[in-house]
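Thanks for sending this one over. Here are my notes, point by point, to read alongside the model.

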Amino acid sequence: MTSWSLRQAQRRDVGELLVLEEAQFPEPWTRGMLLDEILNTTTRRYTVAVEQKKIVGYLGVMFVMDELHVNTIATLPGHESRGIATSLMDDAWNDALARGIKRATLEVATSNTRAQKFYYRYGFKPVGVRKNYYERTREDALILWADLPVALSDSASVLSEEQPI
Ligand SMILES: CC(C)(COP(=O)(O)OP(=O)(O)OC[C@H]1O[C@@H](n2cnc3c(N)ncnc32)[C@H](O)[C@@H]1OP(=O)(O)O)[C@@H](O)C(=O)NCCC(=O)NCCS
C-alpha cells in the first residue's frame, strides 16, 4: 500500500525541491529555474509525492505538440525502491495518454544505469547520444524515445492544487 499522495507542485515547495535536487543531481537546478518550471503550467506539469507532509519525490514533464519531454525526476534519498518514481511516472503517463500524446523523450546520463533501467520499463529506447551534454561533468547523455500506444490504467488523473490524487 502506498503511503504517499501526489499533487501539483506549488511555489511553496521550492525549498524542499532544492534540497532534493542537490541531493540527487551533480548539476542541481537553481531556485529560479525551479520556479520558472513549476509556475509555467501552460506547457509544464510538475508533480510532487508527499508523505507525512514531506516531499519524497518529484517529476517534471513538458508538453511540446504531441510529445512529452521528461525534464526531471528524483526520489528523496532513503526513499528509493519504494515505487515513488513509478507512481509519479504512471500518473504523468496517464495524463499524456488522455491528452493524446503520442511519443515521449528524455536525456539521461550514460552512467545513470539505474534511471535507464527505470525508463526502459516504460518502453523508452536509446536513439542517440548528446556529447558532453552535462556542463559540469562533461558527461554524454543518451537520448531516449518511447511510443505511448496503450493506457497503463483506464482512469486518467486530474491534478488540482491541494487535492491528493
Ligand atoms: C531513478 C529514480 C528516480 C528512481 O526512483 P525510485 O523511487 O527509486 O523508483 P521506483 O521505486 O519507482 O522504481 C525503482 C525500483 O524499485 C522497484 N519497486 C517499485 N515499487 C516497489 C516497491 N513497492 N517495493 C520494492 N521495490 C519496488 C522497481 O521494480 C524498481 O526496481 P528496478 O530498478 O530494479 O527495476 C531515483 O533512483 C533517483 O532519484 N535517482 C537520482 C535522480 C536521477 O537520476 N533522475 C533521473 C535523471 S534522468
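1. A word on terms before we start: two residues are in contact when their C-beta atoms, placed from the backbone, lie within 7 Å. Please keep in mind that this is a predicted model, in which local features need pLDDT of at least 70 and side-chain atom pairs count only at pLDDT 80 or more, while totals for chains, interfaces and linings use all residues. Residues are numbered from 1 along each chain as its sequence is written. Helices (H or I, at least four residues) and strands (E, at least two) are DSSP runs, numbered from the N terminus.

2. Let me begin with the sheet. The model has an open sheet of 7 strands in the order S1-S2-S3-S4-S5-S7-S6, with mixed pairing; two strands pair if DSSP finds at least two bridges between them. S1 (5–8) and S6 (125–130) stand at the edges with a single partner strand each, so one side of each has no neighbour in the sheet. On average, neighbouring strands are turned by 25° against each other, direction ignored. Axes here are lines fitted to C-alpha atoms, for helices over the stretch in contact, and angles run from 0 to 180 degrees between N-to-C directions.

3. At the S1 end, S1 and S2 run antiparallel and are joined by 4 bridges, with Leu-6 having Ala-49 in S2 as its bridge partner. S2 (residues 44–51) is also antiparallel to S3, this time through 8 bridges. Thr-47 stands opposite Leu-59 in S3, and Arg-44 stands opposite Met-62 in S3. The hairpin of S2 and S3 has 2 residues between the strands, and Gln-52 takes a positive phi near 50° there.

4. Which strands does H1 touch as it packs on the sheet? They are S3 and S4, and the direction of H1 makes about 85° with that of S3. Within H1 (residues 14–24), Val-14, Leu-17, Leu-20 and Glu-21 are buried, where buried means 20 or more other C-beta atoms within 10 Å of a residue's own, exposed means 12 or fewer, and partly exposed lies in between, with C-beta atoms placed from the backbone. Seen down the axis of H1, these buried residues fall within an arc of 115°, so they line one face of the helix; the arc is that of the directions from the helix axis to the C-beta atoms. Gly-15 and Glu-22, on the other side of H1, are exposed. The cover over the buried residues of H1 includes H2 (31–39), S3 (54–64) and S4 (67–75).

5. S6 is hardly covered, with a count of 0 buried residues among its 6 residues. S6 and S7 run antiparallel, joined by 5 bridges, and Lys-125 has Trp-145 in S7 as its bridge partner. Ile-143 lies in S7 and counts as partly exposed because it has 17 C-beta neighbours inside 10 Å. Leaving aside neighbours within four places in sequence, the contacts of Ile-143 include Thr-105, Glu-107, Pro-126 and Val-127.

6. Leu-148 deserves a look. Leu-148 lies in the segment after S7 (141–147) and counts as buried because 21 C-beta neighbours lie inside 10 Å. Not counting residues up to four places away in sequence, Leu-148 touches Trp-93, Ala-96, Leu-97, Ile-101, Lys-102, Arg-103 and Ala-104. Leu-148 and Trp-93 are 55 residues apart in sequence, yet 8.1 Å apart in space, C-alpha to C-alpha.

7. Met-65, in the loop between S3 and S4, has a positive phi near 55° although it is not glycine, and counts as exposed because it has 7 C-beta neighbours inside 10 Å. Asn-132, in the loop between S6 and S7, has phi near 50°, again positive in a residue other than glycine; with 10 C-beta neighbours inside 10 Å, Asn-132 counts as exposed.

8. Finally, the ligand. Of the 18 residues around the ligand, Thr-75, Glu-80, Gly-83, Ala-85 and Thr-86 come nearest; a residue is near a molecule if its C-beta atom, placed from the backbone, lies within 6 Å of it. S4, H3 (84–98) and H4 (113–120) each supply at least two residues of the shell, and the largest share, 4 residues, comes from H4.
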